[in-house]
Structures are given as structure tokens and as C-alpha cells.
Amino acid sequence: MGRAAVLTGIGSTVPEQVVTNDMLAARMDTSDEWIRSRTGIRERRRVGVGTATSDLAVEAGRRALKSAGVESVDALVLATTTPDHPCPATAPTVASGLGLGPIPAFDVAAVCSGFLYAMATAAGLISLGTADRVLVVGAEAFTTIIDPDDRNTAPIFGDGAGAVVLTAGHQSDRGALLAFDLGADGDLADLIVVPAGGSRQRTSGVEPGPTDHFMKMQGRTVFVNAVNRMTESSRAVLRRTGWDPGSVDWLVGHQANVRILHAVADQLDLPGERAFVNVDSVGNTAAASIPLALDDAARAGRLAPGDRVVLTAFGGGATWGAIALEWPDLAAL
């Protein structure tokens, strides 16, 4: 069988600070019932003073390396929408924080689809023989770009990080990434956007408004596109693996909204209980969402070796994607 990227380690972390729905309701026009009924979220985590995306990424990466039983990798790919700085990239800081030496390390920006894009990129490095082992991290301090007074976004997003180790192996190995599907549509760029801070705004000659450095989202349109694209992308990887939808044990989708997760499962003719959900306790953590969900599922004993798993996401750009794999036997810490 051909050379392939095999998942051999996993780890995650979330900040200590918990923000409940009732805490949000005390400062804005919302309620626990309103938030739960629309998103399924009851609480989320928020970074504290002095904690940046790289801090979360280092901790998640450390746990993934320990899970894999290794201390070094040949490359690091970090998916994030909230880098420590606009320049330079955050991945080299993470590699340094982990003591990985002068390995290639770079960021991937595809918002909530970022982790899948990073996984595909790392798999490409392995397939080409450029690397034998890659650390892939999804990390976000997403609350730093959310307007705390916007009830359409503040209740949804949280912070966290998740990471996996991919190691060179064969397509027949359990844990091998078996199929990929990625897509993007720049005509939908305005669905999820931070208006200020980039070259478009800086060359416009117009000073940014007081909330232009915060993310804006067209929630209803995002919902429809997310369900459609995640479903289509999942079907694409199922075709490539030859799996019947009914044989999928777990759909681990981007944890944006429990209604989206259940809608995608329904479109794929999967029982709702096969869509793993942890958005209720961590919120939407963007690029960190899928690895956080995978680690939570593994530590809870929900994922068994040999389970057929489909990962799928939709994010700003617009971007989307899916990956299929059989779950490996690995240590979740």
C-alpha cells in the first residue's frame, strides 16, 4: 500500500476560565434558554490576561507528543485565525516553546476549516517524503476578536487548542488518513469577516469603526452553507473510501452549533447520536474545534479502535472540507 499519514497521538487543552450562559445573560440581552435553544451551548472557555494562542498551542502539542510517545517531529503546522501577531507566524513560536529545534513551522489560515486544511498539508509533506512525522495543531484565542456586547457572536465562541501527531505509515494502517476533500468560495468571504486590520482596510483611506476589529457573521446564511458544504464534503470522502454512510461510526464535525451537526448527520442518513457533540461545554473554538472534539471523544471512551470516522468543517473564506479515517489504538491523556 502507498505511503500515508497515520494518526499516532492526540492532545488538547482549554483555558481555566469558564463563561456560562447565565454570566452572559447578566450583562447582555440574552438568556440561558435562548442560547441553548439556538446553539446547544451552555458554557465556553475564555483565555485570561497574558494568555495567547501560542500558549494554548504549546500545551496541546505537548500532550499530543506525549500521547504519541515521541519528543520530536520533522515539521509543525498550526491552524489558527488568532495568531499572536499579524507578523510573524505563530507556529515557529510554538515549535520553540516545545523545544523542537529549527524544524519547518508555519501557519494555515482557513478559519473553522483550518485544522482539516492543516491535516491535508501535513499529510502531503509525509506523502512526498519531506517529513516522517508532523505535529498538527489547531489553536484559537477566538474571544479576542469577538465583540463582548454582540449577542449574535459572544455566546457562540470560545478558546482552546487541540493537536495530533501524524506519522508516516501505510494506507492499510489503522489511523491512516484515507480520503480528503477541500473546497473554498471567495464569493462568500463576507459571511464571516473581521473588517479591519488587513491591507484592504488599511489602504481604503477610511478609519475603522469601533467594532471593525471584531468578527462579523451572517449567522443564518452561514448555517445553510455549513450544512450543505459539510454534507457534500462528507459524501465526497465516503465515495473515495467506498464506505456506505450507514457504516460510519462517528461524524466529528466542526463544533459550531448542535443544530448544524444534527442537520448534517440527518442529510447523511446517520442517527443523530453518531454525531459527536462537545460544543455544549466548550463553544465554537474555530480551528481548535475538531481536535478538541476528537480528544474529548477519545478520553471519554467513545472512539474505539477501528471505528470509521468522518471529520468535516465549514469556515470563513468560505472554506470547507472533510477527512475519513479508521480510529487508531492510541493513548489519549
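Predicted model: local features only at pLDDT ≥ 70, side-chain atom pairs only at ≥ 80, totals over all residues.
A pocket, as the word is used here, is an open set of grid points with protein on both sides within 12 Å along at least five of seven lines.

**The largest pocket**

- The lining of the largest pocket is made up of 31 residues, and those that lie nearest its centre are Thr81, Val194, Ala196, Gly197 and Gly198.
- Strand 5 (105-108), strand 9 (192-193) and helix 6 (199-202) each contribute at least two residues to this lining, and helix 6 gives the largest share, with four residues.
- Sorted by class, the lining of the largest pocket contains 15 nonpolar and 13 polar residues, together with three charged ones.

**The second largest pocket**

- The lining of the second largest pocket divides into 17 nonpolar, seven polar and four charged residues.

- Not counting residues up to four places away in sequence, methionine 217 touches Asn152, Thr153, Ile156, Phe157, Leu191, Ile192 and Val222.
- The C-alpha atom of methionine 217 is separated by 6.7 Å from that of valine 193, although the two residues are 24 residues apart along the chain.

**Enclosed space**

- A search of the whole structure finds one cavity of 30 Å³ or more, and the volume of the largest cavity is about 30 Å³.
- The largest cavity is lined by Ser234, Leu238, Pro245, Val248, Leu251, Leu268, Leu270 and Val310, a lining that divides into seven nonpolar residues, one polar residue and no charged residue.

**Helix 3**

- Helix 3 (residues 53-68) has 16 residues, which at 1.5 Å a residue should span 22 Å, and the separation of 23 Å between its end C-alpha atoms agrees with that expectation.
- The buried residues of helix 3 are Thr53, Ser54, Leu56, Ala57, Val58, Ala60, Gly61, Ala64, Leu65 and Ser67.
- These buried residues pack against strand 1 (3-13), strand 4 (75-79), helix 4 (91-97), strand 6 (133-140) and strand 7 (160-170).
- Glycine 69 follows helix 3 and has a positive phi, near 75°.

**Threonine 319**

- Threonine 319 is found in strand 13 (residues 319-326), and with a relative accessible area of 9% it is buried, because the cut-off for that class is under 20%.
- A polar atom of the side chain of threonine 319 lies 3.0 Å from the backbone oxygen of alanine 110.
- Leaving aside neighbours within four places in sequence, threonine 319 is in contact with Ala110, Ser113, Tyr117, Gly183, Ala184, Ala313 and Phe314.

Technical notes:
Residues numbered from 1 in each chain as written. Heavy atoms only, no water. Buried < 20%, exposed > 50% of the residue type's maximum accessible area, 1.4 Å probe, protein only. Polar contact = N/O pair within 3.5 Å; in protein donor to acceptor, adjacent residues only side chain to side chain. Contact = heavy atoms within 4.5 Å. 1 Å grid on protein atoms, 1.4 Å probe; cavity = no way out; pocket = protein on both sides within 12 Å on 5 of 7 lines; lining within 4 Å. Nonpolar A, V, L, I, M, F, W, Y, C, P; charged D, E, K, R; others polar. Expected span 1.5 Å × (residues − 1). Points joined across faces, edges and corners; volume = space filled by probe spheres on them.
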